[in-house]
Amino acid sequence: MFSSQPFKDGVKHAIGVPALGLGSSMFAFGAFLNSAGFDIFQSFCSTFFTFALPGQFVMAETILAGGSLLNIFLAVLLTNGRLYPMTVNITPVIRNQNVSKWKQYLTSHFIAVTSWFNMFAVHQNIKQEDKFDYFVGLGGFLWANSVVCTIAGYLFSNVVSHEILVGMVFINPMYFLIMTVSNLKEKMMICSVLLGASLSIILNSFIPGWSVLVAGILAGSIGYILFKKEIVHE
Amino acid sequence: MSSQFIYLSILAASLGTYFCRAFGVYSARNISTDSPVFHWIKCVSIGVISAVIARIILFPEGILGEATSFSRISCTIIALVIYFSFKKNVLLAVIVSAISFALVNHYI
């Protein structure tokens, strides 16, 4: 797999803006862990085993707030619940008959917003039998790069000024925003995005912990129901 | 906080995160790319992502929470304007908005 051309193409795809977008936030996260009193191996383990930034921040902040292990598990589960629909969505796209189940479960560790967006941006130009290797290259590189950037952020946090660190944290949401906008081609997607953002803002006042998931489910369902006829005509 | 507790916390966070991914793979076992569920779940995914972005920009936690709403919103607009003004250049839009954000936070 690692010597296959689709794997190399996936790695090539990840190098550049996708790696920069995610890596900059991981760098800032590494710096945050340093200031929070974590050691370097704990910082490494956090990104190596979790690889989902919002949940990693929630974990660190819950520890600092004196939360229990159950608090941490539930808070991270709720925060990273967004990965569930993304995984359900991308798995049928990348799997093929030659990919065993254990490989599918292992590779799911690489599913994150950045890898999801980038895979969907190109998957129609890739042969079905090549998609899995391509995704392993793409997601695997983003994961490895994130681990390296977390360590770099931990080590060089004293060298980088606070203003630059804040700017680096802003790169990732802007990258997500631009990738979202660039993927808006169908009416159902446009509707889902606009409703998701609006409902998230409204629901944040009433159910802050659940606002993202509830807004996403409502927005996606409404977008799908209103424009599902378009799929038939495509 | 003890070192052992931090490692157990990382384990708890990793299990919580991996559960979402593994359950996603399991749930997708009978879903094909041309099924209605596939299209619905794609809409839900993009809806969730847009909800996350809106929340990060308007109600951020952590380091971004230290910045003003004005800087976050104005630099988001800058990112979109640059993207559409310069042939949909993703890198340029992201870099310019991040630099603007750092400058606005430093000087205002």
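What span should the 18 residues of H4(B) have at 1.5 Å a residue, and how far apart are its end C-alpha atoms?

Author: Happy to. Keep in mind that this is a predicted model. The 18 residues of H4(B) should span 26 Å at 1.5 Å a residue, and the end C-alpha atoms of H4(B) are 26 Å apart, so the two agree.

Now for what is tucked away. In H4(B), the buried residues are B:Val90, B:Ala93, B:Val94, B:Ser97, B:Ala98, B:Phe101, B:Ala102 and B:Asn105. If you look down the axis of H4(B), these buried residues fall within an arc of 155°, so they line one face of the helix. Look at the numbering too: an α-helix has 3.6 residues a turn, so residues three or four places apart point the same way. And what lies over that face? The cover for the buried residues of H4(B) includes H3 of chain B, along with H2 and H10 of chain A.

In chain B, 70 residues are in contact with 82 residues of chain A. The biggest giver is H2(B), with 22 residues. By type, that side of chain B has 48 nonpolar, 17 polar and 5 charged residues.

H2 of chain B also turns up around a helix of chain A. Of the 10 residues of helix H8 (residues 113-122) of chain A, 7 are buried, so H8(A) is largely enclosed by the rest of the structure. Those buried residues include A:Trp116, A:Phe117 and A:Met119. H2 of chain B is one of the helices they pack against, and the list also includes helix H9 (128-156) and helix H10 (162-182) of chain A.

One last stop on the chain A side: A:Thr87, in helix H6 of chain A. With 24 C-beta neighbours inside 10 Å, A:Thr87 counts as buried. Beyond its close sequence neighbours, A:Thr87 is in contact with residues including B:Arg21, B:Gly24, B:Val25 and B:Ala28.

Key
Residues are numbered from 1 along each chain as its sequence is written. Chains are lettered from A and ligands numbered from 1 in the order in which they are written. This is a predicted model: local features need pLDDT of at least 70, side-chain atom pairs count only at pLDDT 80 or more; totals for chains, interfaces and linings use all residues. Two residues are in contact if their C-beta atoms, placed from the backbone, lie within 7 Å. Helices (H or I, at least four residues) and strands (E, at least two) are DSSP runs, numbered from the N terminus. Ala, Val, Leu, Ile, Met, Phe, Trp, Tyr, Cys and Pro count as nonpolar, Asp, Glu, Lys and Arg as charged, and the others, Gly among them, as polar. A residue is buried if 20 or more other C-beta atoms lie within 10 Å of its own, exposed if 12 or fewer, and partly exposed in between; C-beta atoms are placed from the backbone. The expected span of a helix is 1.5 Å times one less than its number of residues. The arc is that of the directions from the helix axis to the C-beta atoms.
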